[in-house]
Amino acid sequence: MVIEAFMKKHLLSYFSIAAVLLVLITGCSVSGPLVVTDNPSEKMGEASYEVILGIFRPMNVDVSIRRAAFNGDITQIATVDYIVERKLFKTRYRTVVTGK
């Protein structure tokens, strides 16, 4: 009887702790196309940076479409995607360009 009362009393605490841990270890990713053209998609270029704890952003970072196209040696852009990937303490921002 005493054990059952103890378990009922602390059951909500255990579920709350489990829910908080589950939220902390899950990640989230958001992606969306920015530009779509009729150009062929033969190459891919990417420009990205990471932010730690939401406050430590690298200085002089360039995640522009121009930088991603330059990184992939692309002169005619077919598609542009902007992707945000969130994890426990780190968020990654990416610009992905495909083209010719």
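Reader: Strands here are DSSP runs of E, at least two residues in length, and they are numbered from the N terminus. With that settled, where does Phe89 lie?

Author: In this predicted model, Phe89 belongs to the loop between β3 (77-86) and β4.

Reader: Is Phe89 buried or exposed?

Author: Phe89 counts as exposed, because its relative accessibility is 53% and the cut-off for exposed is over 50%.

Reader: Which residues make the nonpolar surface patch?

Author: Phe89 takes part in that patch, together with Ile52, Leu53, Ile55, Phe56 and Leu88. The patch covers about 640 Å².

Reader: Let us turn to the fold. What pattern does the chain follow?

Author: Along the sequence the pattern reads α-β-β-α-β-β, with 2 helices and 4 strands in the chain.

Reader: What is the order of the strands in the sheet?

Author: The sheet is open, its 4 strands are arranged as β1-β3-β4-β2, and the pairing is antiparallel. β1 (28-36) and β2 (43-52) are at the edges with a single partner strand each, so one side of each has no neighbour in the sheet. From one strand to the next, the twist averages 15°.

Reader: Over how many bridges do β2 and β4 pair?

Author: β2 and β4 (residues 90-99) pair over 10 bridges, in the antiparallel sense. Within this pairing, Ser48 stands opposite Arg94 of β4.

Reader: Thr91 next. Which residues is it in contact with, leaving aside neighbours within four places in sequence?

Author: Thr91, in strand β4, is in contact with Tyr49, Glu50, Val51, Val84, Glu85 and Arg86. Thr91 is buried, because its relative accessible area of 12% falls under the 20% cut-off.

Reader: What share of the chain's contacts between residues at least 6 apart joins residues at least 24 apart?

Author: The share is 65%.

Reader: Now electrostatics. How many salt bridges does the structure hold?

Author: There are 6 salt bridges in the structure. One of them joins the side chains of Glu46 and Arg92, at 2.9 Å from N to O. Glu46 is in strand β2 and Arg92 in strand β4, so this pair ties together parts 46 residues apart in sequence.

Reader: Are those two side chains' residues buried, exposed or in between?

Author: Glu46 is partly exposed, with a relative accessible area of 27%, and Arg92 is also partly exposed, with 25%.

Reader: How far apart are the closest N and O atoms of Glu46 and Arg94?

Author: Those atoms are 3.8 Å apart, in a salt bridge between Glu46 and Arg94. Since Glu46 lies in β2 and Arg94 in β4, the pair ties together parts that are 48 residues apart in sequence. Arg94 counts as buried, at 17% relative accessibility.

Reader: With which residue does Glu50 form a salt bridge?

Author: Its partner is Lys90, and the closest N and O atoms are 3.9 Å apart. Glu50 belongs to strand β2 and Lys90 to strand β4, so parts 40 residues apart in sequence are tied together. Glu50 is partly exposed at 35% relative accessible area, and Lys90 is partly exposed at 37% relative accessibility.

Reader: Which residues are joined into one network by shared partners?

Author: Glu46, Glu85, Arg92 and Arg94 form one network, joined by salt bridges that share partners.

Terms used: Residues numbered from 1 in each chain as written. Predicted model: local features only at pLDDT ≥ 70, side-chain atom pairs only at ≥ 80, totals over all residues. Heavy atoms only, no water. Pairing = 2+ DSSP bridges. Axes fitted to C-alpha atoms, helices over the stretch in contact; angles between N-to-C directions. Contact = heavy atoms within 4.5 Å. Buried < 20%, exposed > 50% of the residue type's maximum accessible area, 1.4 Å probe, protein only. Patch = residues over 30% accessible without salt bridge, like charges linked within 9 Å, V, L, I, M, F, W, Y side chains within 5 Å. Areas by Shrake-Rupley, 256 points an atom, 1.4 Å probe, with all protein chains shown as cover. Salt bridge = Lys/Arg side-chain N within 4 Å of Asp/Glu carboxyl O.
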